[in-house]
Amino acid sequence: MATSWYNTHFEAAGYAGDADTERTTLELWEEALRNHGFDFRLGAFAGGAPAPSCGALFDALAAVGGGANPMPFPKPAFLGCELRHRQAVATGRGDVTMEHVLVTADGRGFGLVRNLQTCIYGKVRHGVELEPTGAAAARGGIFGLGSAGGAPWRATEREVAIKCIERAKYEQHMARHAGRLNEDPIKEVAVMNYVASAGGARYVLPMLGCYADEASVYVVMPFCPHGDLFGVVESRGALEEARAAAYMGQIVAGLEKLHALGLAHHDMSLENLMLDANEDAIIIDFGMAVKSHPTFTRFLAGPNAPPPPPPGHERDLAAGPSYYAAPLGPSKGWPCRCGKLLYMAPELFEAKEPFDVFAADVWALGIILFLLLTGMPPWDAGSGPTTSDMRYVYVRDGRLDELLRNWNISLSPHAPDLLQRLLTADPRSRLTLPQLKAHPWWQANARFVNVPV
């Protein structure tokens with residue numbers, strides 16, 4: 001390829017990948033050490049200084065906007081590809097002509113069958129994986145395929161979804177927002193690469209390949225044939241609690257893995273939960289994801305803070321996953337407030353103070369469970385949790401069970417309490433994922449929520 005147009009905004013922003021995250025971390029610790037009277041650079045640190053306190057770390061994070069870098073992921077790598085037109089494809093019912101076939105540098109082919117969704121950057125297409133026929137492959141490899149002498153392709157039964165990010169639309173949108181996007185599809189590729197490099201995660205949509213030519217980027221993912229959870233609730237209304245619990249077990253398992261990797265989804269919603277071939281809930285759409293530092297410390301101290309870990313294990317991630325995030329401080333030009341208003345946590349509406357991105361994901365999880373159990377939103381989807389909406393005021397004041405009674409909604413004994421604890425306005429008192437899994441509702445539904453991971 002002549003140019004890597006999809007890396008333009010990385011270069012314009014002076015992006016340094018993992019080094020950018022490392023630099024932020026060093027600045028944080030240097031600031032914390034200075035607060036303890038040690039005025040030197042960590043690069044020359046020879047030992048002897050006591051570890052900074054959690055309070056100093058928090059102060060430093062708030063000062064430097066720790067973690068608020070919108071792209072602290074390694075740059076995504078794309079393989080070359082070519083979009084060919086009117087290709088002959090052999091099927092079990094004879095040869096057909098496919099209007100568009102994506103031919104990739106790693107020897108794969110994908111037929112673009114139909115449009116699934118039109119989005120601001122392009123389209124998501126339903127596709128089928130193709131394999132070259134023996135005669136075609138003998139004519140010079142995947143990029144040498146021709147149509148003479150029979151169909152060069154044979155259709156397989158492997159269905160895929162292909163996100164086609166069009167260069168012109170992407171660059172126009174970047175220009176309108178001066179390179180700072182609420183939702184960045186190229187960052188989504190970087191996030192999916194990051195998750196894959198950590199071994200992937202069940203109940204999180206994997207990426208099967210990413211390719212680019214001068215016109216578009218093509219992200220190949222598994223096809224989820226049963227739609228999204230929004231469609232399930234829209235068509236069926238409230239689900240029986242066993243079914244809702246099964247979905248919650250899958251969603252939480254996926255979210256646990258993301259949080260353990262320091263990733264906050266930042267746009268959890270029914271629309272971003274697809275149902276795969278097994279009808280399991282799969283987390284998708286990482287264009288708004290942010291990266292924070294997972295830690296055993298609750299920086300935003302509150303009544304739910306657990307006992308401190310043993311000395312020397314405060315930041316030992318090998319001891320087990322943690323679901324407290326080092327708070328993200330507001331950073332000039334960084335879109336802290338993003339996602340759908342219905343699912344947005346109250347602390348994100350102003351985003352003037354550092355906030356725990358994991359706790360914001362948990363709030364969205366509470367909205368998801370509310371929708372699954374009741375079939376209706378707790379407040380207007382177009383406004384979100386505002387103090388002018390009495391429904392939100394009921395929830396904010398700890399009267400969610402009263403709200404349900406007023407709506408004649410009857411749930412199992414522990415469900416209203418769980419919803420209230422997930423939808424606690426103060427993020428310092430909101431349940432964490434481990435606390436959610438210890439809740440009586442979760443335990444009562446153990447045979448549904450305990451899923452293979």
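Guide: Helices (H or I, at least four residues) and strands (E, at least two) are DSSP runs, numbered from the N terminus. This protein comes to 15 helices and 13 strands. It's a predicted model, where local features need pLDDT of at least 70, side-chain atom pairs count only at pLDDT 80 or more, and totals for chains, interfaces and linings use all residues. Residues are numbered from 1 along each chain as its sequence is written, and side-chain values use heavy atoms, with hydrogens and water left out.

Visitor: Let's pick a residue. Why is leucine 102 called buried?

Guide: Buried means under 20% relative accessible area, exposed over 50%, and partly exposed in between (1.4 Å probe, protein chains only). Leucine 102 has a relative accessible area of 0%, so it counts as buried. You'll find leucine 102 in strand S2, residues 94-104.

Visitor: What is leucine 102 in contact with?

Guide: Contact means heavy atoms within 4.5 Å. Leaving aside neighbours within four places in sequence, the partners of leucine 102 include Leu83, Phe110 and Tyr218.

Visitor: Why is histidine 265 called buried?

Guide: Its relative accessible area is 1%, so histidine 265 is buried. Histidine 265 sits in the loop between strand S8 (263-264) and strand S9 (273-275).

Visitor: What makes arginine 86 and glutamate 99 a salt bridge?

Guide: A salt bridge is a side-chain nitrogen of Lys or Arg within 4 Å of a carboxyl oxygen of Asp or Glu. Here the N to O distance is 2.6 Å. Arginine 86 lies in strand S1 (residues 79-91) and glutamate 99 in strand S2, so the pair ties together parts 13 residues apart in sequence.

Visitor: Why is arginine 86 called exposed?

Guide: Arginine 86 has 55% relative accessibility, so it counts as exposed. Glutamate 99 has a relative accessible area of 41%, so the label there is partly exposed.

Visitor: How many salt bridges are there by this rule?

Guide: The count comes to 20. One of them joins glutamate 188 and lysine 163 at 2.7 Å, N to O, and both residues are buried. Arg108, Glu129 and Arg158 are linked in a network of salt bridges.

Visitor: What makes a group of residues a nonpolar core?

Guide: It's a set of buried Ala, Val, Leu, Ile, Met, Phe, Trp, Tyr and Cys residues joined through side-chain atoms within 4.5 Å. The largest one has 96 residues, and those with the most contacts inside it are Leu229, Ile251 and Leu372. Helix H9 (residues 357-374) gives the most to this core, with 14 residues. A second, separate core of 10 residues includes Val160 and Tyr211.

Visitor: How do you know that helix H12 is mostly covered?

Guide: Six of the eight residues in helix H12 (residues 415-422) are buried. Leu418 and Leu419 are among them.
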